[in-house]
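Please consult the sequence and the coordinates shown here alongside the text.

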Amino acid sequence: MFELKELSVCQIYHKVLARQKVELFLLRLDLTDGVVSGNKWFKLKYNLQYAITAGYNSVLSFGGAYSNHIHALAKAGYDLGLETIGVIRGEPEYATNPTLADAVNWGMKLHFITRREYRQKADKAFLAALRHRFNNPFIIPEGGSNQFAVKGASEILSPKLLDDIAPDQIVLACGTGGTMAGVIIGSQGINVLGIPVLKKADFLYDDIADLVAQVAGDVPGHWMLDLEGHYGGYAKRSQEVDDFILDFQKSNNIQLDHIYTGKMLLRLIQRVAMGIYPAGSRILALHTGGLQGLRGISSEVGA
Ligand SMILES: Cc1ncc(COP(=O)(O)O)c(C=O)c1O
């Protein structure tokens, strides 16, 4: 399942881009696979290949009730014949939501824990207890972000793609920062801007630098974060983001989600409007998928 087809890129229309004479291209990772789409495909690839070659029968990971990562892991595990266990933050009632119902249909075992327990998700003793309870699964951290994921994400930008588009700036949404760490490694020195979708995300400077260092050895300086693109915080809705997503869908016929790509592109367009990018700039943004999560929200934004 990890054969990569050619990635598609399209040019985006927006009146602010036209006014400022800035060109924006969108890399459509959302089209990589029907289910294991976006950055998930890249982040899971080496994790699951490792789990299989190391002889694990099962893989365990963590996520919220609408997690794109959990959804993608369940489907990839099903396709590859690996058992999957999802450790889910929240109440068992969530098991019937569309994301987790799919996961259960693909054979994932769900284990619900409280928010307080979930905070221990990287704690050694907590992980040892999970290993014991679920018969020694391979454990992937929340959001999939470990060295395998970073290696996979470092393959998102091929030299040919960077040659064809010749961007001055690469932009993507950040959650745990694993995808950005990989993109920095694969960016051939082109500046990378990450837009965290959580509030107070300056801790990501350290997390991303650590992940880059683990995989590449040293940490280059051609990247930064814009901490103003969270629009209220993780998964918080705002009319401004909802309106932008609808408008973007109408003008470009591309669906965005309200957690990651909608916020990232809105913030990017605002940066262009502020005049941060000189006329003639070429920007490459990543559509990292996540559209399944739209089923969890009841509004006109849903696809
Ligand atoms: C659609 C989408 N975009 C971006 C991200 C952020 O990726 P990362 O956690 O690697 O920063 C995620 C995270 O899960 C995601 O689901």
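## Terms and basis

Buried means under 20% relative accessible area, exposed means over 50%, and partly exposed lies in between (1.4 Å probe, protein chains only). Helices (H or I, at least four residues) and strands (E, at least two) are DSSP runs, numbered from the N terminus.

The model is predicted: local features need pLDDT of at least 70, side-chain atom pairs count only at pLDDT 80 or more, and totals for chains, interfaces and linings use all residues. Residues are numbered from 1 along each chain as its sequence is written, and side-chain values use heavy atoms, with hydrogens and water left out.

## Salt bridges

A salt bridge is a side-chain nitrogen of Lys or Arg within 4 Å of a carboxyl oxygen of Asp or Glu. The count by this rule is ten.

Shared partners join Asp226, Arg267 and Arg271 into one network of salt bridges.

## Further pairs

Glu155 and Lys45 meet at 3.0 Å, N to O. This pair also connects distant parts of the chain, 110 residues apart: Glu155 sits in the loop between helix 7 (147–153) and helix 8 (159–165), and Lys45 in helix 2 (residues 39–53). Glu155 is partly exposed at 30% relative accessibility, whereas Lys45 is buried at 12%.

Lys160 and Asp164 form a salt bridge of 2.8 Å, N to O. Both lie in helix 8, four residues apart, about one turn of the helix. Lys160 is exposed, with a relative accessible area of 52%.

## A buried serine

Ser187 occupies the loop between helix 9 (178–185) and strand 8 (191–196). Its relative accessible area is 0%, so Ser187 counts as buried.

## Helix 11

Asp243 is located in helix 11 (residues 239–252). With a relative accessible area of 40%, Asp243 is partly exposed. Asp243 and Gly262 are separated by 19 residues in sequence and by 9.7 Å in space, C-alpha to C-alpha.
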